Number of protein chains: 2
Amino acid sequence: MILQGPEFKKHALVLVGLPARGKTFVARKIARYLSWLGYRTRTFNVGEYRRSIAGARQPAAFFDPGNAEQRELRERIAMRALDDLVSFLVDGGDVAIYDATNTERSRRAAIYERCQALDIKVVFVESICEDEAVVEANVRENKARSPDYQGVSPDEAVRDFRERIAYYAETYEPVDDEDKSYVKLIDVGRKVVVNRMQGYLGARLMFFLMNVHPARRKIWLTRHGESRFNPERRIGGDPELTERGREYSESLAAFFGSRAPEHMVIWTSTLRRALQTAEPLGPSAVARRNLDEIDAGICDSLSYEEIHERLPEEFRARSLDKFRYRYPRGESYIDVINRLEPVIVDLERQRSPVLVVSHNAVIRALYAYLMGRPQEETPHVPVPLHTVIELTPTAYGYEERRYELDPQLDSEYALSRSVGPPPVRRS
Amino acid sequence: MILQGPEFKKHALVLVGLPARGKTFVARKIARYLSWLGYRTRTFNVGEYRRSIAGARQPAAFFDPGNAEQRELRERIAMRALDDLVSFLVDGGDVAIYDATNTERSRRAAIYERCQALDIKVVFVESICEDEAVVEANVRENKARSPDYQGVSPDEAVRDFRERIAYYAETYEPVDDEDKSYVKLIDVGRKVVVNRMQGYLGARLMFFLMNVHPARRKIWLTRHGESRFNPERRIGGDPELTERGREYSESLAAFFGSRAPEHMVIWTSTLRRALQTAEPLGPSAVARRNLDEIDAGICDSLSYEEIHERLPEEFRARSLDKFRYRYPRGESYIDVINRLEPVIVDLERQRSPVLVVSHNAVIRALYAYLMGRPQEETPHVPVPLHTVIELTPTAYGYEERRYELDPQLDSEYALSRSVGPPPVRRS
């Protein structure tokens, strides 16, 4: 696991950049990724502190660096957020993200010194956008709708926000301290500059950041169709689909208009029930071993009742901590998350829509990442059989819609977990 | 597997940089890494073409850009290497590495156009060294001993090589085409600039390159001590060590001076036989799941003879292609290599000596990477029980030494493979 080893240092990731350069986009991506991997991560957004301390509605002039009084107030607000950030790390946090402009060298030096004294590793993450059209779109789509401009007309908001950017630009000093750790993200994904990032967390993070982009495409998640093991409540194995499962595979293809669109990326596990589910979608599906179901080790192919009877200790241990429990000779949810990490990076990288046909525990883990659910909730995400989960990207996350393609399927049964309480059968 | 998918494009990785900037170090690291992952990779070193065409002994003046005749000869040599590179890719290669200075824009443009016309993706990999002491050391240690200076005194060789560098410096134009894919490696590992590298191969490669460094430290590989399964010729499972296996664990600790040195990194698998083997070395060992033995699926815990009897088809399939064969519900060597990839990156990243205590198939895969063995040889690397493999880094690879810590152990038995021909027992 990534957190192991005495070499782990608490990190403060300090965003840098003019307004509307995608800092919050980057901050949220990082936070979601690191939380999912098990790092206790929190984001400190100075804009939110400003709104709560000074009030949301401030004219551009509030950001005029020539206005000493406002400047001092803004300084105090930023330091308040920094206090909280430091407390979070000192009190057991692993990674804190400081989401603010931090465009002045003096501000960055103050943050650096404060963290340095507490043995917190600082990484500056500068977001630069050289494409004016992207900045313009960001201002129109996100900034003009922010709480800062409630009740203000979009055109007026855009005008005011441009003025705010201009004030920041007056005193903007790009990061150039070659003795410090920093990353520059230029035109999100086009160009990346990485300085002094030898640590494992840093290298991982860079790999991730090189692959994220703000292009919007849908993602669909589904479990395989009903397998021969499902009605018997057996877990694992490599069973084929039942007749009903085959019908689901046809419904799934029909859902996508009888065949997958040319540009759609389809990933399945290497297990028969997933391969057969994707079959009617055409030949483009790619089978990936790390999408295989959680390995149940010695419990593989047993039914829930058999595990309860024959391995009561295991049964009990699992029900006490389903997230951390590792099947003897098999996997835990944590193991699954770790092996899914490359899938997540690859998923971020894709610019085409993606359909994943996999298994209960795996879909749960992918879903938890995409929807930013706390790690420990992962084993409890409901992922019914014969249901397509459609995720449509929004500014910073996804909007979810679920399609039940087999409405006759008993909903308790559809939800049946790998190993969980026996479903309540309706008589 | 990485090669899957229609999106894979043949790549030419074109090195750029003054002499003695570590280009060949980088080229070899990349070649070893990509070959190990299964890409058909080959390096084309223009220096070698020059030596074979124009002769090894050329004075620095040969590299004088003002000398039109020599310049034309050097141009022809470079194009000869490029011809071979292109043929290699057209004839089924995946990745070609062009190891030359390529310091002039016009040369790079010629390479780019040639590849572009054949739908080969070009990535420039520029190696920059801003630390004069590192360049000086590289010249003294590697260049002055190269075939170019056979029979020349070291001081004279260094003087001449400096002159050669000066000639290249006259016409050096750093890479700055923002519309092309490039990577700049500055002071190997300190700073990396990555431009337009969205592809999966590119991102992987960057992650790898961010972690490699030329610092030299030893690596030791060993299998666990004899387990209860070994004498029974059973594979897999999670058996404990035998008495003799325990003795090996003590000998291993004695080998390192009774306890692991403070700064030594120790990785084991999560299986009992590996954990017990590392136990006497002290508490610093870190258990990593991806160091677990190849998963033998339905053959787990069976003996070689039992597999032969009960699953003759599997037995036969495996003996026909031990590298690609995947145990039903288990793994192939290819699967093992894929799951070891993060271990390799982490191994490259370490600056301390590293000891890996693991299993037959896993040690073979790690060994094949470190020693640059062809992928298909992996299942046949001899890794005897109770033997420490010591790898000492040289300029571009490792020197190997093996220590048999249990000389009484029958050598055929020590070599016994997970599943292979039954050992010839001496009577």
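The points that follow take up the basis of the model, the pairing of the chains, and then selected residues and salt bridges.

1. This is a predicted model, in which local features need pLDDT of at least 70 and side-chain atom pairs count only at pLDDT 80 or more, while totals for chains, interfaces and linings use all residues. Residues are numbered from 1 along each chain as its sequence is written, chains are lettered from A and ligands numbered from 1 in the order in which they are written, and side-chain values use heavy atoms, with hydrogens and water left out.

2. How are the two chains related?

3. The contact, meaning heavy atoms within 4.5 Å, takes 40 residues from chain A and 39 residues from chain B. About 3400 Å² is buried between the two chains, with carbon and sulfur atoms giving 46% of that area; buried area here is the accessible area (1.4 Å probe) that two parts lose on being put together, summed over both. Of the area that chain A buries against chain B, A:Arg190, A:Arg289 and A:Arg329 supply 19%, more than any other three residues.

4. Across this interface the rule finds eight salt bridges, a salt bridge being a side-chain nitrogen of Lys or Arg within 4 Å of a carboxyl oxygen of Asp or Glu. In one of them B:Arg329 pairs with A:Asp300, with the closest N and O atoms 2.9 Å apart. On the side of chain A that touches chain B, β6 (191–195), α7 (200–209), β9 (286–287) and α13 (333–349) each supply at least two residues; helices (H or I, at least four residues) and strands (E, at least two) are DSSP runs, numbered from the N terminus.

5. Is helix α7 of chain A enclosed or open? Ten of its ten residues are buried, so α7(A) is largely enclosed by the rest of the structure. Buried means under 20% relative accessible area, exposed over 50%, and partly exposed in between (1.4 Å probe, protein chains only). Among the buried residues of α7(A) are A:Tyr200, A:Arg204 and A:Phe208.

6. A:Tyr98 lies in strand β3 (residues 95–99) of chain A and is buried, with a relative accessible area of 0%. Residues up to four places away in sequence being left out, its contacts include A:Leu13, A:Phe44, A:Ala78 and A:Ile111. A:Ala78 is 20 residues from A:Tyr98 in sequence and 9.6 Å from it in space, C-alpha to C-alpha.

7. A:Asp119, in the loop between α4 (105–117) and β4 (121–128) of chain A, has a positive phi of about 60° although it is not a glycine. A:Arg233 also has a positive phi of about 60° without being a glycine; A:Arg233 is found in the loop between α8 (229–232) and α9 (243–255) of chain A and is buried, at 8% relative accessible area. Most residues other than glycine have a negative phi.

8. Over all chains the count comes to 81 salt bridges. A:Asp94 forms one with A:Arg40, the closest N and O atoms being 3.0 Å apart. A:Asp94 lies in the loop between α3 (68–90) and β3 and A:Arg40 in the loop between α1 (23–37) and β2 (41–45) of chain A, so the pair ties together parts that are 54 residues apart in sequence. A:Asp94 is itself buried, with a relative accessible area of 4%.

9. In another pair, A:Asp176 meets A:Arg105 in a salt bridge with the closest N and O atoms 2.8 Å apart. This pair links distant parts of the chain, A:Asp176 being in the loop between α6 (154–171) and β5 (181–186) and A:Arg105 in helix α4, 71 residues apart. A:Asp176 counts as partly exposed at 42% relative accessibility, and A:Arg105 counts as partly exposed at 33%.
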